[in-house]
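Have the viewer open as you read.

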Amino acid sequence: MGEFELIERLFKAPAAGLAARRPGVLLGIGDDCALLDAGPLAISTDMLVEGRHFFRDADPAALGHKALAVNLSDLAAMGAEPLGFTLALALPAERARDLPWCEALAAGMLALAAEHDCALIGGDTTAGPLTLSITVFGRVDPARALRRDGARDGDDIWISGVLGDAAFALERRYAGRPASAAADLRLDRPTPRVALGRALAGVASAAIDLSDGLAGDLAHVLAASRLGARVDLDRLPLSAELLALSPGQRHRLALAGGDDYELCFTAAPAQREAVLAASRASATPVARIGAVSATPGLVWLDAGQPVELALRGFDHFAPAL
């Protein structure tokens, strides 16, 4: 396929129906710009690069899903409603010639888009190393947006889902050893917590999505809010696979592994029932793991006692340990 045939066949035609019926999308794929009528927008961009974010033999449908999921996770962290997205896609020549692979990539992406009523409204394609860059647009009342700088002294710290399974699956994959199907799914097809994020708008005081590990991402919230925190390690929501590991292994995977795409959020103790109601309404489990404090620094507690953990979140440009 040529460039324009690829766009028409894989993206424009399948995405046209959703864009046409999505309120706020006035014009989708096919012109120099998309046109939106949406008021205040929440906007985020993420990039996936072969060899850095995924293996060369990654399942294309799962890759399409994950490329959009990691962007929707950013909207979830702001409490935003998905509206639409653009896709910039670089394809090596051999991939562009592999029609079944391209069709599966598009199908995985557009299936998740339909699930969240998020229309593909434009983008670009080019030849080059396999790279997917998505910019997603969402709507949220700025007064209710879940920013990183809203945490307050005494707030509870909450986590959705479970931590560390994706990092566990990735580590096993590098070693050529199997993980459970559930852990593999957490790595390959993360679930963006959009419904929970929207339910927490006006309830939570601050939020962030966990892409680089709790140790690093929670530190971003604390830095933005100019506060500290105490986190109880025995309250971390972990799967049976991680609980079977040594404490050092499970703490490293759960706190610094990354790729969880869960929400970490803070809320006043008076909002505990509202948080649990949001959990039930979105069918998303949550766990209260600690509290924000006025004392700077992130303190880890094991059986109530402070412990030293030399952990940090993932950083693309940090030197290797």
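## A buried arginine and its partner

Arg-22 is buried, at a relative accessible area of 4%; buried means under 20%, exposed over 50% and partly exposed in between, using a 1.4 Å probe and protein chains only. Before going on, note that this is a predicted model, in which local features need pLDDT of at least 70 and side-chain atom pairs count only at pLDDT 80 or more, while totals for chains, interfaces and linings use all residues. Residues are numbered from 1 along each chain as its sequence is written, and side-chain values use heavy atoms, leaving out hydrogens and water.

The side chain of Arg-22 forms a salt bridge with that of Asp-117, at 3.5 Å from N to O. The term requires a side-chain nitrogen of Lys or Arg within 4 Å of a carboxyl oxygen of Asp or Glu. This pair links distant parts of the chain, 95 residues apart: Arg-22 sits in the loop between helix H1 (3-21) and strand E1 (25-27), and Asp-117 in the loop between helix H4 (99-115) and strand E5 (119-127). Helices (H or I, at least four residues) and strands (E, at least two) are DSSP runs, numbered from the N terminus. Asp-117 is partly exposed, at 33% relative accessibility.

## Other salt bridges

The count of salt bridges comes to 15. One of them joins the side chains of Arg-147 and Asp-149, with 2.7 Å from N to O. Arg-147 is partly exposed at 47%, and Asp-149 is partly exposed at 32%.

Arg-252 and Glu-171 also meet in a salt bridge, at 2.7 Å from N to O. Arg-252 belongs to helix H10 (residues 247-256) and Glu-171 to helix H5 (residues 165-174), so this pair ties together parts 81 residues apart in sequence. Shared partners also make one network out of Arg-22, Glu-81, Asp-117 and Arg-139.

## The sheet and its helices

An open sheet of 4 strands runs in the order E3-E6-E4-E5, with mixed pairing; two strands pair if DSSP finds at least two bridges between them. Its edge strands are E3 (41-49) and E5, each pairing on one side only. Strands E4 (residues 81-91) and E6 (residues 131-139) run antiparallel and are joined by 9 bridges. Leu-87 has Ile-134 in E6 as its bridge partner.

Which strands does H1 lie across? They are E4 and E5, and H1 runs at about 170° to E5. Helix H2 (residues 60-78) lies across E3, E4 and E6, at about 35° to E6. Contact means heavy atoms within 4.5 Å, and angles run from 0 to 180 degrees between N-to-C directions, with axes fitted to C-alpha atoms, for helices over the stretch in contact.
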